[in-house]
Amino acid sequence: LVAASAENSIVRNSSNPRNSSADVALLDLPKDQRVADVVQQYVTAAAPLASQIIGKVSQDILNAANTLGEIPSGDVIADAQLVATQPANLGGAQIAFMNPGGIRGGATFGFLFAPSGAEAPGEVTYGEAFTIQPFGNSLVTKTMTGAQIRDLLEQQFPGCGGQTTKRILQISVGFSYEQDPAGVDCASRIGTITLNGSAVPDDGTTYRVTMNNFLAAGGDGFTVFNQGTDALGGAQDIDALVVYLGSFLPGTVPNPTVDRIVAKPAP
């Protein structure tokens, strides 16, 4: 290679406004109508499915983490995945984990969006749910030991098990653990772990654990998931969420209490 050069041209348009003083020299371009027409074809074709009412909520279920990293919409998604894989023939799941990066949508919108169409306030459409969970991942249930689950929870923090970024997994109802983000080492950051009120021991006791296929392959640095055995594939994550939300109709989805991750007591 003798030489290389490039000229970067940042395009500003009506859909991507840039207002800083550095934008003075940028060129405003109108939408390309040919592209806009193609996009509109798919928007129109998807509208009947996107506008379907699939559930109701009584208040916003936000995509915003508390101080320990628990996200209300993450609780709902984890619960949906647990319910979808609880039957023995579908996995026999006891616990479900959801990666926080897979929960999309603005924190100010949360899980409940302002009415975007004909739906009444509190009604959730398929399109809105898909905006929160748009990846089309499939569910996987594996057998994991209590010790592996502890290692997994420790792997949420940078420097633990090769993790590079703090990522707090969202957990299903009935599962709980103590967390100390300021712990001096990986082991000290996780305290007591319980399932339905009983301690999860650090021995050979096994549990059936559900996650999406991205996590099942060690995604987001959670390589402990690779240690799971007896993997069984399941439904797509969005389908599990739709069925879960619809199971409460004509009532509303219970509001998560966001208390599954608790502060570890001081020594």
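Tutor: What follows is a set of questions and answers on this model, which is predicted.

Student: In strand β4 (residues 95-98), which residues point the other way from Ile95 and Phe97?

Tutor: Ile95 and Phe97 point one way from β4, and these two residues are buried. The residues pointing the other way are buried as well, and they are Ala96 and Met98.

Student: Which residue in strand β11 is the bridge partner of Ala96?

Tutor: Strand β4 pairs with β11 (residues 206-212) in the parallel sense, over 2 bridges, and it also pairs with β7 (residues 170-171), there in the antiparallel sense. In β7, Phe97 has Ile171 standing opposite. In β11, the bridge partner of Ala96 is Thr210.

Student: Which strands are at the edges of the open sheet formed by 4 strands?

Tutor: The order of the strands in this open sheet is β10-β9-β8-β13, with mixed pairing. The edge strands each pair on one side only, and they are β10 (198-199) and β13 (261-263).

Student: What angle does the direction of helix α4 make with that of β9?

Tutor: Helix α4 (residues 146-154) packs on the sheet, where it touches β8 and β9 (190-195). The direction of α4 and that of β9 make an angle of about 130 degrees.

Student: Is Gly228 buried or exposed?

Tutor: Gly228 lies in the loop between α5 (213-216) and β12 (229-236). Leaving aside its neighbours within four places in sequence, Gly228 is in contact with Lys142, Thr143 and Met144. Because its relative accessibility is 14% and the cut-off is under 20%, Gly228 counts as buried.

Student: How many residues apart in sequence are the parts that Arg150 and Asp202 tie together?

Tutor: Arg150 forms a salt bridge with Asp202, in which the closest N and O atoms are 2.9 Å apart. Since Arg150 lies in helix α4 and Asp202 in the loop between β10 and β11, the pair ties together parts whose separation in sequence is 52 residues.

Student: Which residue is linked with Asp75 and Asp79 in a network of salt bridges?

Tutor: The count of salt bridges comes to 5. In the network that includes Asp75 and Asp79, the residue linked with them is Arg260.

Notes: Residues are numbered from 1 along each chain as its sequence is written. This is a predicted model: local features need pLDDT of at least 70, side-chain atom pairs count only at pLDDT 80 or more; totals for chains, interfaces and linings use all residues. Side-chain values use heavy atoms; hydrogens and water are left out. Buried means under 20% relative accessible area, exposed over 50%, partly exposed in between (1.4 Å probe, protein chains only). Two strands pair if DSSP finds at least two bridges between them. Contact means heavy atoms within 4.5 Å. Axes are lines fitted to C-alpha atoms, for helices over the stretch in contact, and angles run from 0 to 180 degrees between N-to-C directions. A salt bridge is a side-chain nitrogen of Lys or Arg within 4 Å of a carboxyl oxygen of Asp or Glu.
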